[in-house]
Every structure is written in C-alpha cells, then in structure tokens.
Amino acid sequence: MYFLGHMAWAYVWAVIAWALIPAAKRGGKLFVPAILMLGVLPDVDLLLGGLGVVHRTVTHSFFLWTVLFIPVFVILRFKAIPYFVAVVQHFAFGDFLMGKVMLFWPFSSKLVGLGFGMPSVVDVVLETAGLLFALIILLYIGDLKQLFSVNKRNVFMLLPLLALLTSAVFFLSHWSSIVSLAGYIVSSGLLVTLMLAHVILFVLIAISTVQGLRAFRRRAK
Ligand SMILES: [Zn+2]
C-alpha cells in the first residue's frame, strides 16, 4: 500500500479498536497525528537500506512492534491499543494484502502475503475506500472539526505532512522528468485516482498543520 492507504486505514482501524475498548478505560479522543505516523512508521526501513535493513522484513514483524510497545502498554494500558493497531495494520493488513512481508520475524523468515500488487485494482479500491471511510469517521466523531481548529496540538500534523512529502520525493526520484511521470499517470485511471486521493489527504493534513501553526502565532501576540 502507498502512504495514502497506510495512513487512512491506520485511522479507521484505530478508531474501531478505540470504540471496542470499554468506555471507562479508553480515555479521551485519539491523537490523530500519532495514529497517522504510526500507520507509516514500519516503512522507515526504506531509509535504513544503508544499514542493511531490507524493506518489508524486520520492521514489518509483529515481534518488533510488540517489544517496542511493551513500555507504552505499561504506561497507557488500554489506551495504547489503538496506537498499536495503527502500526500493526500497516504490515498485517495493507502490505500483507498488496505484497509479501516477514510478519513472523525472527521466528520465521518466510515472506507472507496475498500480493495483489501496486497499483492493482484491489489496491486502488482499498486505498480510496480507506480515505473515504476515514473522512466519514473524521466528520462523524468530530475529529475533522478538531483538526481544522486553531489548536497548537495540530502542529504535530507537520510530521505526517513531511512523511507524505518524503514518500512523494521517493516516488519522484525514480523518474527522469516530470513530463514522463505525468504521461505515466494520465495513462491509467487507477493512477489518476490514486494521485487525486493523495492530493485530498495531503490538503487535509496541510490545512491542519497550518491551523496548528496559527495557534502558536496567536499565543505569541
Ligand atoms: Zn510497508
């Protein structure tokens, strides 16, 4: 999956997990910037190639994230569940469906997954459906209102914004020119859909970031 699907589904699955926790134990609202970042964090391995880390291996395993989350569970208890779900769905849902991942490292080095591929019809349908579900939930539970309000918490949306930009640069770096890339995109309805959905997510996150920055300006006055 692309960062679009990883982020959108991280939010959808995290909200579902949150809703399933007994109300007395789930705490307040989810911190959306953290959910979005956790949704793409396993792909940090794309930047660790120099250290010998192979994409979709160690950082795409249940074991690594369970170990990393032990202190989070100790501190936050039930409240940690949606954040854990946000990171696990990256490889157990998104990458498992579209590719093959080393889910059970270090116990098994077998790459498992359904391997629908990217961009395939299944991929594009799931990525855009994820965005649609995320938008509906954002509206329904009032998170969109919060993300678009002048609130210094929203400045943390700068992190998923930078993550999206990094993934765009990573993608663009494989093309010799914008013209050849544009030609490739418009050649397929799937790619046009993917690009438009990415733009919608990017604009949403950018607006929230700006609102966060405005809160600091207002405070400084
Ligand atoms: Zn991944």
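1. Isoleucine 207 is partly exposed, at a relative accessible area of 37%; buried here means under 20% relative accessible area, exposed over 50%, and partly exposed in between, with a 1.4 Å probe and protein chains only. The residue is found in helix H9. Helices are DSSP runs of H or I with at least four residues, strands are E runs of at least two, and both are numbered from the N terminus.

2. On the basis of the note: this is a predicted model, in which local features need pLDDT of at least 70 and side-chain atom pairs count only at pLDDT 80 or more, while totals for chains, interfaces and linings use all residues. Residues are numbered from 1 along each chain as its sequence is written, and side-chain values use heavy atoms, with hydrogens and water left out.

3. Isoleucine 207 belongs to a nonpolar surface patch that also contains Phe148, Leu158, Leu162, Leu165, Met195, Leu196, Val199, Phe202 and Val203, with about 780 Å² of accessible area together. Patches are made of residues with over 30% relative accessible area and no salt bridge; like charges are joined within 9 Å, and nonpolar side chains (Val, Leu, Ile, Met, Phe, Trp, Tyr) within 5 Å. Accessible areas come from the Shrake-Rupley method with a 1.4 Å probe, and for residues only the protein chains shown count as cover. Helix H7 (158-172) and helix H9 (189-220) each supply at least two residues of the patch. H9 gives the largest share, six residues. An α-helix has 3.6 residues a turn, so residues three or four places apart point the same way.

4. The zinc ion has four protein donors: Asp43 (OD), His60 (NE2), His90 (NE2) and Asp95 (OD), at 2.0 to 2.2 Å. Donors are N, O and S atoms within 2.8 Å of the metal (3.2 Å for Na, K and Ca); water is not among the atoms, so sites may look incomplete. The angles among the four donor atoms run from 91 to 173°, and the site is irregular. For comparison, four donors count as tetrahedral if all angles lie between 85 and 135 degrees; four count as square planar and six as octahedral if opposite donors are over 155 degrees apart and all others between 65 and 115; anything else is irregular.

5. The spacing of the zinc donor residues in sequence is D-x16-H-x29-H-x4-D. Aspartate 43 sits in the loop between helix H2 (32-40) and helix H3 (62-76), and aspartate 95 in helix H4 (residues 81-98), so this pair ties together parts 52 residues apart in sequence. Aspartate 43 is buried at 8% relative accessibility, and aspartate 95 is buried at 1%.

6. The count of salt bridges is two, a salt bridge being a side-chain nitrogen of Lys or Arg within 4 Å of a carboxyl oxygen of Asp or Glu. In one of them, the side chains of arginine 56 and aspartate 95 meet at 3.5 Å, N to O. Arginine 56 lies in the loop between H2 and H3 and aspartate 95 in helix H4, so the pair links parts that are 39 residues apart in sequence. Aspartate 95 is also a zinc donor.

7. Aspartate 143 forms a salt bridge with lysine 29, with the closest N and O atoms 3.4 Å apart. Aspartate 143 lies in helix H6 (residues 143-147) and lysine 29 in the loop between H1 and H2, so this pair ties together parts 114 residues apart in sequence. Aspartate 143 is buried at 3% relative accessibility, whereas lysine 29 is partly exposed at 43%.

8. Backbone points to check. Most residues other than glycine have a negative phi, and most peptide bonds are trans. Arginine 56 has a positive phi, near 65°, and is buried at 17% relative accessibility. Arginine 77 also has a positive phi, about 55°; this residue is in the loop between H3 and H4 and is exposed at 60% relative accessibility.

9. The peptide bond from tryptophan 105 to proline 106 is cis, with omega near 5°. Another cis bond joins methionine 118 and proline 119, with omega about -5°. Proline 106 lies in the loop between H4 and helix H5 (121-140), and proline 119 lies in the loop between H4 and H5.

10. Helix H1 (residues 3-20) has 18 residues and should span 26 Å at 1.5 Å a residue; its end C-alpha atoms are 26 Å apart, which agrees. The expected span is 1.5 Å times one less than the number of residues. H1 is mostly covered, with 14 of its 18 residues buried.
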